[in-house]
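Hi,

Here is the structure I said I would pass on.

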Amino acid sequence: MPGKVFPPALIPAAVLSIAACGIEDYPFLDKVPTGNISVTLNQMAVITLPRIDSIYFTHFTLYYRIYMSGVFYPEIHPGNMSDLNSALMADYNYFLPYTNSDTSNTTVSIGSLFTNRKYYPLTLEGADIDGVLGSGSFGKSMVLNFTETTPRIIPNLSINGNSYNMRRFSGNGLFSPVPANRYFINTPELNAPANITAGINADVIDKSDITTRYAYAGVYIVVTGVDGNFSPLYSVPTFIGVFYLPGP
């Protein structure tokens with residue numbers, strides 16, 4: 001998370017050792033390969049989380065933004081992003097030079113890059129996502145499930161035999177998202193134009209002149225860590241996909 005301060009207990013011991021000894025080292029985190037990601041329509045993604053052989057690694061981070069639209073597409077790709085919401089296409093193109101790179105750009109804070117585009121860290125209900133997606137997740141298959149079912153299920157993240165309801169960013173004092181449960185469900189509170197403001201649902205972007213109000217979430221994954229100066233460190237991002245948010 002941009003600006004996140006890692007308590008000393010969470011700083012890898014090897015990082016502390018390097019910082020203390022003054023050994024120069026180039027901080028680097030490999031990204032999640034696109035080949036590790038399989039997407040089913042606008043409903044589900046399976047991501048095999050790679051082993052990150054770096055003393056700087058702390059966890060994987062998922063960044064999202066929600067887009068309102070007046071059209072339904074069973075599968076979203078660059079060819080129909082503009083029709084879905086022009087902001088989705090603009091964001092996708094903005095991140096594209098970074099996702100196409102294999103190496104970190106040390107002059108750019110990927111965390112700030114995302115928040116400047118109103119992308120925020122995805123969270124979980126009842127669990128710290130940083131711990132769930134820590135080193136214990138290496139080699140595991142993570143499933144993001146947005147499938148619209150009857151009876152309705154809450155969009156969830158599954159890994160290591162556990163399932164967690166996915167939740168939107170808390171706002172962290174920057175904004176106050178509604179509804180209070182922050183589930184990835186297209187409720188009237190989430191999609192109401194009056195609530196799509198910088199102070200309420202800042203993680204949602206509206207589209208004008210639409211009657212039926214569909215909602216979609218764009219999601220990226222970033223390998224996250226902390227360098228020898230205790231500053232946040234990021235890999236370049238990997239695009240996962242765009243997913244349809246089921247109704248209440």
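**What I found**

Of the 248 residues in the chain, 50% are buried. Keep in mind that this is a predicted model. The mean pLDDT is 89, with 87% of the residues at 70 or more. The part to treat with care is residues 1-24, where pLDDT stays under 50; the model still has 35 contacts beyond four places in sequence for that stretch.

As for the overall build, there are six helices and 12 strands. Among contacts with a separation of 6 or more, 71% are between residues 24 or more positions apart. The accessible surface is about 10900 Å², and carbon and sulfur atoms account for 53% of that.

At its start, a side-chain oxygen of Asn85 comes to within 2.9 Å of the backbone nitrogen of Ala87.

Ala87 is also one of the buried residues of this helix, along with Leu88, Met89, Asp91, Tyr92, Phe95, Tyr98 and Thr99. And what covers them? The cover includes two other helices to look for, helix 2 (78-84) and helix 4 (110-116). Strands contribute as well, including strand 3 (57-69), strand 9 (204-205), strand 10 (214-226) and strand 12 (238-244).

Cheers

How values were computed. Residues are numbered from 1 along each chain as its sequence is written. This is a predicted model: local features need pLDDT of at least 70, side-chain atom pairs count only at pLDDT 80 or more; totals for chains, interfaces and linings use all residues. Side-chain values use heavy atoms; hydrogens and water are left out. pLDDT is the predictor's confidence in each residue, from 0 to 100. Contact means heavy atoms within 4.5 Å. Buried means under 20% relative accessible area, exposed over 50%, partly exposed in between (1.4 Å probe, protein chains only). Helices (H or I, at least four residues) and strands (E, at least two) are DSSP runs, numbered from the N terminus. A polar contact is a pair of N or O atoms within 3.5 Å; within protein, one must be able to donate a hydrogen and the other to accept it, and residues adjacent in sequence count only if both atoms are side-chain atoms. Accessible areas come from the Shrake-Rupley method with a 1.4 Å probe; for residues, only the protein chains shown count as cover.
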